Structures are given as C-alpha cells and as structure tokens.
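Me: I am new to this structure and would like a close look at a single part of it. Please take the part slowly and then show me what lies around it.

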Amino acid sequence: MAGIVTYGAYVPIYRLGQHVLGAVWGTSSGRGEKAVANYDEDAITMAVEAVTDCLKGIDRKSIDALYFASTSPPYREKQCASIVAAAADLRRDIITFDFANSLRSGTNALRAAIDSVKAGSCSRVVVVASDCRLPAPNSASESLLGDGAAALLIDNSELSATIEYQYTISSEFLDTWRTEQDKYPRMWEDRFVYSEYVTQIKETVSALTQKARLSADDFNKAVIYAPDSRRHQDIAKALRLDYKNKVQDPLFDQLGNTGAAFSMMMLVSALEEANSGDKILFVSYGDGCDSIILQTTKQICRIKDRRGMKYHLSSKMDLPSYGKYLRFRNLLEWEAELRPPDRTSLTLVNRQRRSIYALIGQKCKCCGGIQYPPLKICSWCQEKGQFEEFSLQDKKGNLFTYSMDERAMEVDLPNILCTVDFEGGGRFYSQVTDRDPEKLEIGMAMEPTFRKIHDGSGVHNYFWKVRPVRVDMQGK
Amino acid sequence: MESIKNRVAVVGMGCTQFGELWDRDADSLVLEATDEALQDAGIELKDIQAAWVGTMLGMTGMVLSSALQSQYIPVTRIENACATGQDALRNACYAVAAKVFDIVLVVGVEKLKDEGYGGLPLGMSADGFHPVYGAHGTAPGRYALAATRYFHRYGLTREEGKTLLAMISVKSHHNGARNPKAHMRREVTLEQVMKAPIIAWPLGLFDCCGVTDGASAAVLCRPEDARRFRDDYMVFKGFGLSAGPGMGKSKTDYDYTHWEETWRAATQAYAEAGIKEPRKEINMVECHDCFSIAELVAVESMEICERGHAKEDVDSGAWTQEGEIPVNLSGGLKSFGHPIGASGCREVYEIYKQIQGKAEEPSRQLKDVRLGLAHNQGGHPGRFICGVAILGASQE
C-alpha cells in the first residue's frame with residue numbers, strides 16, 4: 001500500500017498585511033496578512049526549502065524520483081524538478097518530472113507518485129508543490145494570493161498516512177487561466193466560476209465517499225481547496241461538514257491562497273495535528289478535482305524536527321511597504337542602471353555544479369581541513385587533490401563578520417555581506433537574506449538557504465545565501 | 001638573495017593634479033606626469049631606455065608608448081589591482097639593478113571617471129569573474145567586513161568604532177586640504193564624517209577614498225649615476241611584495257583584523273632595509289587607505305603600531321603631521337585620491353618631495369625626513385596582494 005512517509009513545508013518569512021494594501025489603494029482592508037516570497041525567492045527556491053524540510057533525517061540517496069508542481073515555474077522551457085533535485089543533493093540516477101499549468105498540479109504529481117510507488121518503478125518519490133503566483137496590482141487576487149510550498153515523501157512502507165481511496169474528475173472548465181502573453185491570472189465572472197467549483201467538488205466527494213462507503217461524519221478532518229474564505233465555508237456547508245471542528249483551517253488570513261501548493265500545504269497542517277488512526281478527506285481543485293481519503297498510522301506522531309506549516313507560519317517579518325513589495329516582484333519600470341548588467345557563465349556553473357547547486361565543499365583527507373569553494377590544493381596543508389566531498393547546506397553556523405552595503409546592485413538594500421563559520425568546520429562567504437539589518441550581531445546563529453542570486457544573461461542564477469536561523473514566535 | 005638597498009635611485013618624479021578630470025584623457029595624464037618627471041631629472045624622452053606602465057587600462061605597454069609617441073623602446077604593462085603602481089616601480093628597479101638598463105621611466109595612470117557612475121568601474125573590484133559566489137560584493141562592502149570584526153574583537157561599540165575611523169578620515173582630509181595636487185581639498189569635521197551617508201556599514205562616505213583620475217611618474221637610474229642628474233636624489237632601501245593565497249574569506253583561522261600579506265610585505269621590506277624598529281626609524285608613512293579601516297589595520301599589520309592599539313595612536317594624534325609618525329601626510333588615497341594604477345607611484349612621489357624638502361605647500365613640509373614607507377595594496381581583506389617600499393635620502 002502506498003502512502004505518505006513524512007512531510008515538509010515552506011512559508012517565506014515576509015508577510016504583507018492587508019492593511020498595507022488597503023492603505024495603498026484607499027480601500028477598506030481585509031483581515032490578516034499573506035505570505036510573500038522575498039525578492040530572491042521563486043517556486044524553485046521555495047520547493048528546495050520544502051523538500052529539505054521533508055527529508056530531514058531521511059537518507060537523500062534513498063530518493064528515486066522528484067516530482068515538482070507549480071503554475072509559476074520560473075522557466076517556460078527548462079525543467080525545474082532537476083534544479084530542485086540538484087540543490088537537494090539527490091542522486092543523479094533519479095526520475096524528475098515537472099507538473100504544471102494547473103492549480104491541481106500538486107495533487108496531479110501526488111497521484112502520479114502514488115502510482116509510481118504502487119507500480120514499483122520507484123521506491124521513494126518526493127512530491128513538491130510550490131507556487132509564487134503574481135496577482136495584478138489593485139485586483140481582488142492581490143489580497144488573496146500568497147506564496148509557499150509543501151513536500152510529501154511517498155513510499156509503500158514506513159507510512160505515517162496510507163492512501164485509502166482516490167477519485168478524480170477532469171474538467172475542461174475555464175475558471176482561471178493565463179495565456180502565453182498574460183502576466184496575471186484572468187478569471188470569468190466569479191459568481192459563475194464559484195458555482196461550478198461547488199458543483200465539481202460535490203460531484204467528486206460524493207463519488208469518493210460512495211466508493212469508500214463513508215459519510216461526512218466519518219472524517220476526523222477535511223482538507224479542501226477553496227479559492228477564498230467565503231467559498232471555503234460554502235463548500236463545507238454543501239458537504240455537510242462540521243466547519244468548526246472537522247475542517248482544516250485554510251489560513252487565508254495568515255498565508256493566502258498559494259495556488260498549486262495550497263491544498264498540500266493545508267494537508268501538511270492537518271498531518272501536523274493528526275492522531276493515529278485519523279481519517280482525512282483531502283480534496284484539491286483545478287481543471288477538475290482530485291480527492292483522496294487518507295488514514296494516519298501511529299507513525300504520524302513520530303515525525304519530528306519538521307518546520308512544516310506551524311513553525312513557518314509563526315516565524316515571520318512584516319513587509320511594511322508596498323513600494324518594497326513592488327521591488328520584490330519587479331512590478332514597475334525602474335530607473336535605468338548605468339552599471340554593467342549581471343552576467344553568468346554556464347560553462348563555469350556546469351564545472352562547479354556540485355558546489356554551486358548543492359553547496360558541497362571539501363574536506364582534506366590529509367589534515368581534515370574544510371574549505372569552500374573547492375580548490376585543487378588544500379588551503380590548510382597545501383596537499384594536492386586529496387579531498388572528500390563535504391556538504392555545508394545542512395549545517396548551522398555563526399556570523400563571524402558582516403557589512404551592510406547601501407550601493408550594491410541588489411533589489412533589497414542594504415546588501416549584507418558576511419562570513420559564517422559552520423559548526424563542525426568550514427567558513428562560507430555569503431550574502432544575508434531574510435534579515436532585519438538592525439538585528440544582526442556577530443556570533444548569531446545562521447543557516448544556508450537556496451536563493452536566486454540574479455537573472456544575468458537571461459538565466460535564473462541560483463546559489464546559496466545565509467539567513468539568521470528562523471525562529472518561531474516562541475523563539476525556538 | 002641580495003637586497004635592493006642603495007642599488008636604485010629616483011632622480012626625477014612627476015604627478016598630475018588628481019581629481020575628477022572630466023576634460024582630460026589618459027594620454028594627456030601620462031604625458032603631463034612624464035614631462036614633469038623628465039624635466040625634474042633634466043632629461044628628455046629619448047634618454048629613456050625602457051619603460052614600465054602601471055594601469056588597469058588597455059591591454060599593453062602601448063598605453064604609454066602611444067601616449068608619449070616613444071620610438072620603439074621596450075614598455076611593459078604591469079597590473080596588480082590597486083597594488084599596480086608600486087609593482088611597476090619595483091619591476092623597473094630590478095631591471096636597473098641588474099644593469100640591463102641604465103635609465104628608465106615608470107608611469108602609473110588611471111582614468112576612472114569615464115564610466116557614468118560613482119564607485120569603481122565594475123569588474124575592477126572583483127578579482128576573477130564568478131557569476132554567483134561573491135556576486136554583488138563591492139570594495140567597500142568587503143573592506144567593511146574588517147571594520148565590523150575589528151570593533152568586535154577590540155570591544156568597541158558601534159559609536160566608538162565609527163568615531164575611531166572618522167578621526168582617521170578627519171586627519172586625512174586635513175592633510176589633503178593643504179596639498180595642491182590632491183583630489184579632495186576640503187577639511188571635514190568629525191560630525192560631518194559621522195553623519196555622512198552610509199556606503200557599506202560601518203563605512204560612511206568619508207571613510208571611502210576618492211574615485212580619481214590621475215597619473216604619476218618616476219625616472220630611475222643607479223645611485224652611482226644619480227649625481228649626473230641631481231644631488232638630492234632618493235634611493236630605494238627595501239621592497240616587499242606578498243601575494244596571499246586568497247582564502248581568508250573561506251578559512252576559519254582568518255580574523256580580518258590582521259592582514260598577513262601586509263605583515264609579510266613589510267617584514268621583507270624591513271629586512272632589506274635593515275630596519276629593526278619601524279616606528280622609531282621611519283619618519284613618514286604613505287599608506288594605502290582606500291578606506292579608513294584600511295589605514296588602521298595596515299598600520300597595525302606593518303608593526304608601526306601594536307595590534308589592537310590604533311585607538312591610542314589616533315586619540316593621541318600620533319599619525320598627524322605633528323605626531324610621532326605621520327601617516328598619509330599627502331592626504332592619502334582618502335583625500336589625495338585613488339587612480340588605481342597611479343597611487344603606488346604617487347605615494348613614492350610624496351616621500352620624494354618630503355625627503356627633498358620640496359613639499360608643494362610649505363606648511364606641509366616635515367623636518368628632516370630620512371626614511372619613508374610606501375604601502376600599496378590590492379584586493380580586499382582575505383584576498384590581498386600587498387607591496388611595501390622603503391625609501392631613503394641619498395646620504396643615508
């Protein structure tokens with residue numbers, strides 16, 4: 001039987017308060033806030049975060065496939081899953097797929113992973129859904145859409161949740177779409193769109209529960225995709241679910257609708273709270289509907305050290321200005337830069353792919369010295385070519401020194417340069433992201449994070465930065 | 001191994017006005033500095049047997065031969081980032097000492113203000129192109145790493161650290177304000193420096209040197225021939241050049257507050273010159289203060305001031321014109337300006353004029369300068385190339 005071994009999630013550190021949007025557009029503002037990707041984040045970098053969260057304590061060499069799902073893949077032509085797999089330091093002989101174009105692509109990938117495991121073509125598959133959809137300024141979706149990612153590890157043993165029943169419908173229905181030329185999502189009249197949404201979900205869930213011979217009361221928790229909060233309440237009512245006690249909070253006032261990642265992020269929230277033997281109804285929507293009944297095992301209580309949803313949601317920083325948000329999403333015509341543009345060299349990146357994508361340094365076999373970036377000669381003992389790989393991406397370190405450059409060619413100034421000394425050895429010269437410049441202190445705990453450095457030469461150039469270790473509201 | 005001591009003499013020097021020279025090109029700067037140096041030596045271009053040009057410009061020695069229309073003599077272009085100027089002198093010295101040539105010309109030149117933006121032309125501050133590792137690092141951003149660490153190591157608060165650096169800049173501007181050829185001829189107050197916009201915390205605008213156009217030149221020969229040109233010539237006493245392995249930013253034993261390359265270059269130069277106690281024996285220091293923190297750490301690393309004790313020196317005014325050991329009497333890179341390839345040679349020009357008692361502005365003249373030190377450094381903390389030259393009066 002196939003199912004979920006463990007999970008991970010990622011919510012970017014920035015929150016844009018609805019009051020900020022209200023103040024900019026002179027409208028009455030809604031409640032709460034939404035999660036907004038930093039300027040150096042996109043669907044790929046957030047996927048890497050969710051995958052590494054999911055694989056904590058799991059041997060990365062045991063992964064046979066990585067399925068990536070998003071409606072906002074940074075490349076129109078070029079696979080994202082392969083980049084995520086490289087950054088997560090997975091094996092080279094694995095299967096990578098991108099699932100795209102649909103709000104349902106996250107569960108499309110999940111269903112494919114379940115089938116792969118059942119068919120025996122893969123033993124372990126990581127499914128990651130990540131989305132960073134761009135809403136039009138001053139639109140209804142601007143206050144609605146959030147950014148984030150979730151990952152699930154699928155296998156047929158050591159399961160913490162088993163897949164009991166599945167039912168899917170496909171639909172050609174156009175509710176929201178983007179053509180090749182569209183920058184922002186479009187939508188038909190909302191009243192029509194939402195009535196069809198309710199119809200499709202009802203149809204799917206009804207077929208699923210009949211198949212399973214279960215009724216609404218049999219579920220401990222229902223995780224249901226909805227475009228917004230009102231529709232979420234409507235669908236719960238239509239399905240006769242106890243909204244207060246048995247429906248997973250969709251987090252519209254904390255996270256926002258995170259597109260293809262949304263239902264999987266909600267599922268992670270539900271799994272975080274689940275007890276052994278719980279039945280979970282899981283429904284995702286978009287171009288049809290995927291529905292799954294999961295049952296948790298006693299293994300569910302043993303999942304530890306995941307930041308998941310709860311921790312990430314309570315670890316946050318305000319994005320206080322709309323101007324900064326416009327810069328983050330590159331939404332205006334900006335003053336022309338007189339300095340030469342960023343550029344890249346793909347030959348160089350290819351030669352150094354292990355150190356650039358996976359943050360792999362070296363440990364000298366002669367003296368044990370650790371160095372990054374890799375060299376031909378040990379910088380500690382000057383012996384030639386006697387190294388083993390040494391990964392820095394899963395290490396924590398301390399801020400050794402830093403500077404705050406107000407004139408660098410960066411979106412979010414100051415550009416904070418630093419060196420970080422890792423526990424267990426190795427020093428990394430880097431940029432600090434997800435930070436409050438006022439709160440930096442020598443010695444503070446730091447951790448690596450995979451980010452987009454720049455778009456020079458028309459390439460999304462990814463590499464690692466560091467950030468102050470994310471702490472939740474309890475300061476843990 | 002033999003020392004360079006007393007084997008090469010400087011018999012003529014020139015230096016253009018430094019500044020944002022919007023209406024000057026590199027050719028005219030080369031020509032002006034060379035003309036002054038040749039005139040100072042009392043010779044003509046046709047007397048020069050070989051030349052070295054230090055610059056980040058161009059690709060070849062033709063930066064010089066084309067500007068001067070020199071006729072087919074050998075010209076070597078030297079580039080060692082910001083340490084270029086002194087290295088051009090150093091290489092020319094070895095050719096003269098080897099007696100391959102008898103009289104040679106050295107020119108350092110840079111034309112930085114043709115880019116359309118402030119700061120250094122990009123690519124110049126980056127050592128080796130890497131698309132992502134160290135991306136968006138700038139010279140002030142990298143030097144500021146040393147400042148933050150210095151404050152931490154020696155227990156200075158942000159305010160105390162900023163004040164210490166500001167006092168260095170106030171001193172350098174005071175010196176440069178009275179130097180006719182300097183780029184920034186303006187006194188600044190401690191308050192102005194402290195309140196200036198931040199460039200790269202903790203470095204503010206006045207902690208950073210000028211981005212400058214300019215050229216400087218020298219005519220070299222052997223001391224036995226020097227009297228044919230003048231009596232008050234100057235001789236090289238020692239040279240040190242140290243290229244670090246460049247892994248400071250990556251090695252946990254590097255702490256930014258001591259610059260090994262600087263110490264090694266100074267140690268070599270002291271050994272060649274036979275200097276045992278640099279603070280007592282040397283009369284003046286021209287230091288590569290591209291940033292205030294650079295002057296502070298370099299002076300400590302050259303053992304002119306004990307490590308961690310710069311604050312006492314700065315507080316007591318030890319590095320001022322009236323102090324125990326004047327540092328950057330010229331105004332330094334800070335105030336005199338920093339045309340990359342020209343600075344190393346320009347530092348030697350200041351020592352030359354001081355030794356001769358010919359400082360352009362009499363109030364700047366030190367009494368009885370016998371030995372001067374010129375420090376010229378390229379790269380950034382953790383990844384340096386450093387040159388130190390000791391120069392002395394002919395009679396020494």
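How many of the seven residues of strand 12 of chain A are buried, and why can the strand be called largely enclosed?

Reply: This is a predicted model, in which local features need pLDDT of at least 70 and side-chain atom pairs count only at pLDDT 80 or more, while totals for chains, interfaces and linings use all residues. Residues are numbered from 1 along each chain as its sequence is written, and chains are lettered from A and ligands numbered from 1 in the order in which they are written.

Strand 12 of chain A covers residues 279-285, and six of its seven residues are buried, so the strand is largely enclosed by the rest of the structure. A residue is buried if 20 or more other C-beta atoms lie within 10 Å of its own, exposed if 12 or fewer, and partly exposed in between, with C-beta atoms placed from the backbone. Strands (E, at least two residues) and helices (H or I, at least four) are DSSP runs, numbered from the N terminus.

Strand 12 of chain A has a parallel partner in strand 11 of chain A (residues 221-224), with four bridges between them. Two strands pair if DSSP finds at least two bridges between them. In this pairing, A:Lys221 stands opposite A:Ile280 of strand 12 of chain A. Strand 12 of chain A also pairs with strand 13 of chain A (residues 288-296), this time in the antiparallel sense and over seven bridges. There A:Phe282 is opposite A:Ile292 of strand 13 of chain A. Strands 12 and 13 of chain A form a hairpin with two residues between them, and A:Gly286 in the turn has a positive phi of about 145 degrees. In a regular strand the side chains alternate between the two faces of the sheet.

Elsewhere in chain A, two helices pack together. The axes of helix 5 (residues 190-212) and helix 6 (residues 229-238) of chain A come within 10 Å and cross at roughly 40 degrees. Axes are lines fitted to C-alpha atoms, for helices over the stretch in contact, and angles run from 0 to 180 degrees between N-to-C directions. Helix 5 of chain A brings A:Tyr194, A:Tyr197, A:Val198, A:Ile201 and A:Lys202 to the contact, and helix 6 of chain A brings A:Arg231, A:Asp234, A:Ile235 and A:Ala238. Two residues are in contact if their C-beta atoms, placed from the backbone, lie within 7 Å. By class, this contact of helix 5 with helix 6 of chain A has six nonpolar, no polar and three charged residues. Ala, Val, Leu, Ile, Met, Phe, Trp, Tyr, Cys and Pro count as nonpolar, Asp, Glu, Lys and Arg as charged, and the others, Gly among them, as polar.

A:Pro12 sits in the loop between strand 1 (3-10) and strand 2 (14-17) of chain A. A:Pro12 counts as buried because it has 24 C-beta neighbours inside 10 Å. Beyond its neighbours within four places in sequence, A:Pro12 is in contact with residues including A:Ala35, A:Met46 and A:Asp147. A:Leu313 is 301 residues from A:Pro12 in sequence, yet the two are 8.6 Å apart in space, C-alpha to C-alpha.

Chain A also touches chain B. The contact takes 38 residues from chain A and 31 residues from chain B. On the side of chain B that touches chain A, the elements giving two or more residues are helix 4 (139-153) and strand 5 (198-201) of chain B. Helix 4 of chain B gives the largest share of that side, eight residues. The residues of the side of chain B that touches chain A divide into 16 nonpolar, eleven polar and four charged. Strand 5 of chain B pairs in the antiparallel sense with strand 18 of chain A (residues 397-405) over two bridges, and A:Met404 stands opposite B:Trp201 in strand 5 of chain B.

Of the 15 residues of helix 4 of chain B, 13 are buried, so this helix is largely enclosed by the rest of the structure. After helix 4 of chain B comes B:Gly155, whose phi is positive, near 65 degrees.
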